[in-house]
Amino acid sequence: MTTEHEQHPADPDRATAQHPADPDRATAQHSSGFSRRGLLGAGLAAAGAGVGAAVGIAGAAAATGVNPLAAATNGDESLDLSQQHPFYATAAGQPQGGIRTVPQRHCVFMTFDLSTSVATDLQVLLARWSAAIAQLQAGKTVGSVEPAHGNGVGADTGEALDLGPASLTVTVGLGPGVFDERFGLADKRPAHLAAIPTLPSDNLDEQLTGGDLSLQACADDPQVAYHAVRDLARMARGTATVRWTVLGFGRASAGPSQSTPRNLMGFKDGTRNVTTDDEFDRFVWVDQPGDGAAWMRGGTYQVVRKIRMNLETWDADVVSDQQRVFGRTKIDGAPLSGGSEHTTPDFHAAHGDGTTKIDARSHIALAAHEANGGVKILRRGYNYTDGLNQYGQLDAGLLFAAYMNDPEHFERLQRKLGASDRLNEYVSHIGSAVFAVPPAPRKGSYIAEQLFR
Ligand SMILES: C=CC1=C(C)c2cc3[nH]c(cc4nc(cc5[nH]c(cc1n2)c(C)c5CCC(=O)O)C(CCC(=O)O)=C4C)c(C)c3C=C
Ligand SMILES: [Fe+2]
């Protein structure tokens, strides 16, 4: 598999935290210059080897369902909380972090309603957020925790002190409302930015839908991600109010060097995702931003859905049916047409009786690019839980976050999935929003500065 570090080796326009062409943005950096990765990895490997030797690896896996090899083989699972991603771009049109960035373990997503109708208030907020995010991604505070005057209010709430950058990225999005009549910015609206229409099977809660601004903070320490969003929300007081938020964990997508994680239904999620430079250029980055929206070149669109899972019903379903729902095996994530996880599914392969091995109403048969005019989207979701619902049942699901150069691509897929997907019996889309995500700013500038010129 190609690693992210091997991608875009010579294209400075695409140099980001993952792109080695630019040494400043070559990779996540160590704030201390000392990596614990090797030590942690070696420690885990030793622990795994010990377990394997004691009980017999295959025997343990069969008897308990626990894979004692996991710690030894998942090299990507060792964490280095001193790693940081730079916030500023070194050339025009480089993307913000949190899109192509190797998915971190935790994510806090929040949307805001603007409570002002003055464009300069929005401009000031974006400038203040940009400066603050640069600090936060470097593992610093956004201001004093202990003000000089004993009775002063701290600018930073302090709960991330000593935690390190933890690979934090904060991604800022602008919703359709930014371009309505309030701010005089209608002629700068990106070509494809519009509220997502009602789609089949939608069960949206108004309070979990929409927003004028979005923050997606992802980090390997949940407290670092939470602190970032909390202090940025604090900074927005008087200009924007919180609309809805979701705390995500256990990434439901994989970066190039990562093993595929599992969603709360127990299936590997993120196997067939957008990975190559060519796919990112074709399906994710905005190249044709539309009249007046040159400020969006190199950006993307973010579609977020809060999807509740009916886990009690799912857990009572037989595994063979669960596999039919997704079109893949549960343990290996292999397509039901055969092979292993990364084998290309054969949607025509049939049993002797003529029925296709991958059910035509399975999730992958309906979502695959082969069935959707070649369209792909980058999925970068997280699991979430809100505890228990009013009936004492598990309240949990998927914070589905996807990036694409035209939200119509999401709509196309969801129109089909919402109408026919076997998964619909077990899930309910309760939240939804769409945002334009501008490229990262250069140092001395801020997110979407060009929008206000
Ligand atoms: C509209 C887009 C999609 C929504 C909404 C969505 C919800 C959703 N997905 C899973 C679990 C899996 N999805 C998988 C594959 C997959 N899903 C989408 C799109 C949406 N999913 C696409 C485009 C694909 C790839 C299809 C392909 O090309 O084969 C899989 C299989 C493994 C993988 O490739 O990632 C799983 C598992 C859940 C649980 C869910 C809503 C709760
Ligand atoms: Fe899916």
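**Salt bridges: worked exercises**

Asp 359 counts as buried, at 15% relative accessibility. Buried means under 20% relative accessible area, exposed over 50%, and partly exposed in between (1.4 Å probe, protein chains only).

This is a predicted model, where local features need pLDDT of at least 70, side-chain atom pairs count only at pLDDT 80 or more, and totals for chains, interfaces and linings use all residues. Residues are numbered from 1 along each chain as its sequence is written, chains are lettered from A and ligands numbered from 1 in the order in which they are written, and side-chain values use heavy atoms, with hydrogens and water left out.

**Exercise 1.** Find how many salt bridges the whole structure holds.

*Solution.* Start with the term. A salt bridge is a side-chain nitrogen of Lys or Arg within 4 Å of a carboxyl oxygen of Asp or Glu. Side chains of opposite charge can pair when their charged atoms come close.

**Exercise 2.** Explain what the salt bridge of Arg 324 and Asp 359 ties together.

*Solution.* Take the distance: N to O, the two side chains meet at 3.6 Å. Now place them. Arg 324 sits in helix α8 and Asp 359 in the loop between α8 and α9, so the bridge ties together parts 35 residues apart in sequence. Helices (H or I, at least four residues) and strands (E, at least two) are DSSP runs, numbered from the N terminus. Last, look for shared partners. Such salt bridges join Asp 321, Arg 324, Asp 359 and Arg 422 into one network.

**Exercise 3.** Work out where Arg 182 and Asp 212 lie, and whether each is buried or partly exposed.

*Solution.* The closest N and O atoms of this salt bridge are 3.2 Å apart. Both residues lie in the loop between β4 (169-174) and β5 (213-219), so the pair ties together parts that are 30 residues apart in sequence. Arg 182 is partly exposed, at 26% relative accessibility. Asp 212 is buried, with a relative accessible area of 9%.

**Exercise 4.** Describe the salt bridge between Glu 341 and Lys 268.

*Solution.* Its closest N and O atoms are 3.2 Å apart. The pair links distant parts of the chain, 73 residues apart: Glu 341 is in the loop between α8 (319-326) and α9 (363-367), Lys 268 in the loop between β6 (240-251) and α6 (277-284). Glu 341 counts as buried at 11% relative accessibility. Lys 268 counts as partly exposed at 24%.
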